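Reader: Could you walk me through this structure, one question at a time?
Author: Gladly; have a look at it here, and then ask away.

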Amino acid sequence: MRILGRGRIKTVLVTGGAGYIGSHICVELLDAGLEVIVVDNLSNSSQEALNRVEKIAGKTVLFYQIDLQDKARVKTVFETHTIDAVIHLAGLKSVGDSGRLPLKYYQNNIYSTLVLLEMLEQFSVKNIVFSSSATVYGDPATVPVTEQFPLRATNPYGRTKLMIEEILRDVANSSHIQVVLLRYFNPIGAHESGLIGEAPNGSPNNLLPYVSQVAMGQRDKVLIFGGDYPTIDGTGVRDYIHVVDLAKGHIRALQKIAENEGKGERCQAYNLGTGHGHSVIEVINAFEEACGHKITYKIVDRRSGDIAECYANPNLANQKLNWRAEKTLPEMMKDTWRWQTKNPKGYKSD
Ligand code: NAD
Ligand code: UFG
């Protein structure tokens, strides 16, 4: 077994590890020689994802189907294992649902985090990496976005991210706990094996799952939300990042806190993005290249709450974490298409 940071991190608890991003992180952790424990209530995921993680990595994941809000059961995990670091992904993530069901979002996302942090304090776990989001920048005044930009959220989901960042900052200032906040831009793509990927329940909210379902013939056409933004072609521009690059960023973040233990920043935020923006039309064109046929689309009204353009300045993560997104947009499309064609019904096909 390999150990990160001069022997400081060997067992990592991944909350939400059965989900889209979490499953890819588990593969990278296992590949790095770490022991992986997953706590997930499977509210938006399938245990099959973890079976496949094990298949890819050739190693096992210890899985607990537990809701993080269930303090007694979470405590048993901390009593049973010596945990060196936590990667905290568990949470609800639909912007639209969060507007309709704000209390559900505050309860699930915030309370889960409080339970988790209480365990970190009680069991002297020193390191936590949190899945934050570019959504904390709201509608940025300019692009690219640096970590110093003002923070403001425009919906309850985003506010849970912002509140959790603030909670973590307070905890870092008042305890032994070191925090890394990773602000993800737009994760897409899938593991190159085609075994794990994004498997949304119901109608997808995000662009890529929707485009790939249209490409599969499962839906008629892509509705492009707005063609009159002040962007290259009038459609929204985002910083799409391959989920495997994103997952690798977590290993670098763990390395950084393990090496820094006791010195330096106690709470640091990093943008995880490529530094390049692509429009919706550019994404559709790139997907057509990957799947080999035309994708029907129609430009409709803007989606409420959407912004014109958002992409990262990833220099801080490049320099301090020695991390850089490497995969190109065509690779992201190719891997999404492979996953979609091998698993037309997501994990349900088994
Ligand atoms: P996902 O829904 O696939 O994964 C989240 C996982 O958390 C799911 O497996 C779900 O079952 C689990 N979960 C939710 N509430 C839980 C609870 N109370 N107890 C235990 N498990 C619980 O989503 P994802 O895309 O993999 O996102 C992971 C994290 O990254 C989330 O925190 C999300 O907000 C954040 N994020 C995602 C994106 C994105 O575009 N996918 C962008 C920025 C940030
Ligand atoms: N879009 C369409 N049609 C669709 C879906 C999306 O035109 O069917 C457009 C959007 O208008 C936007 C772009 O495609 O211009 C990307 O939209 P997504 O919904 O895929 O992603 P967002 O940038 O809106 O938001 C995502 C996550 C948020 C997260 C944010 C930043 O959903 O939770 O990335 O990380 F906060």
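Reader: Let's begin with ligand 2: which backbone N or O atom lies 3.0 Å from one of its oxygen atoms?
Author: A polar contact here is a pair of N or O atoms within 3.5 Å; within protein, one must be able to donate a hydrogen and the other to accept it, and residues adjacent in sequence count only if both atoms are side-chain atoms. The residue whose backbone makes this contact with an oxygen atom of ligand 2 at 3.0 Å is Tyr 184.

Reader: Before we go on, where do the numbering and the values come from?
Author: This is a predicted model, in which local features need pLDDT of at least 70, side-chain atom pairs count only at pLDDT 80 or more, and totals for chains, interfaces and linings use all residues. Residues are numbered from 1 along each chain as its sequence is written, chains are lettered from A and ligands numbered from 1 in the order in which they are written, and side-chain values use heavy atoms, with hydrogens and water left out.

Reader: How much of ligand 2 does the protein bury?
Author: A polar side-chain atom of Ser 133 lies 3.4 Å from an oxygen atom of ligand 2, and a polar backbone atom of Leu 223 is 2.8 Å from a nitrogen atom of ligand 2. Areas come from the Shrake-Rupley method with a 1.4 Å probe, and for residues only the protein chains shown count as cover. Ligand 2 taken alone exposes 690 Å², and the share of that buried by the protein is 89%.

Reader: Which strand gives the largest share of the shell around ligand 2?
Author: The shell holds 19 residues, with Ser 133, Phe 185, Leu 223, Arg 238 and Asp 306 the closest; a residue counts as near if one of its heavy atoms lies within 4 Å. Helices (H or I, at least four residues) and strands (E, at least two) are DSSP runs, numbered from the N terminus. The largest share, three residues, comes from strand 8 (residues 222-225).

Reader: And for ligand 1, how much of its accessible area does the protein cover?
Author: An oxygen atom of ligand 1 is 2.9 Å from a polar backbone atom of Tyr 20, and an oxygen atom of ligand 1 is 2.9 Å from a side-chain N or O atom of Lys 161. Of the 820 Å² that ligand 1 has on its own, the protein covers 96%.

Reader: Which element supplies the largest share of the shell around ligand 1?
Author: There are 28 residues around ligand 1, and Asp 40, Asn 44, Ser 45, Leu 89 and Tyr 157 come nearest. Helix 1 (20-31), helix 5 (102-122), strand 5 (127-133) and helix 6 (156-174) each supply at least two residues. The largest share, three residues, comes from strand 5.

Reader: How far apart in sequence are the parts tied together by Phe 287 and Trp 337?
Author: Rings of Phe, Tyr and Trp (its six-membered ring) pair if their centres lie within 6.5 Å; planes under 30 degrees apart count as stacked, over 60 as edge-to-face and the rest as tilted. Phe 287 and Trp 337 are edge-to-face, 5.8 Å centre to centre with 85° between the planes. Phe 287 lies in helix 9 (residues 280-291) and Trp 337 in helix 11 (residues 329-342), so the pair ties together parts whose separation in sequence is 50 residues.

Reader: Why is the pair of Trp 339 and Tyr 347 put in its class, and what is that class?
Author: The ring centres of Trp 339 and Tyr 347 are 5.2 Å apart. Their planes stand at 55°, so the pair is tilted.

Reader: Is Leu 42 buried or exposed?
Author: Leu 42 is found in the loop between strand 2 (35-40) and helix 2 (47-57), and its phi is positive, near 60°, in a residue other than glycine. Buried means under 20% relative accessible area, exposed over 50%, and partly exposed in between (1.4 Å probe, protein chains only). With a relative accessible area of 18%, Leu 42 is buried.

Reader: What about Asn 322, buried or exposed?
Author: Asn 322 lies in the loop between helix 10 (315-320) and helix 11, and has a positive phi of about 55° although it is not a glycine. At 57% relative accessibility, Asn 322 counts as exposed.

Reader: Which residue does a cis peptide bond join to Val 143?
Author: The omega of this bond is about 0°.
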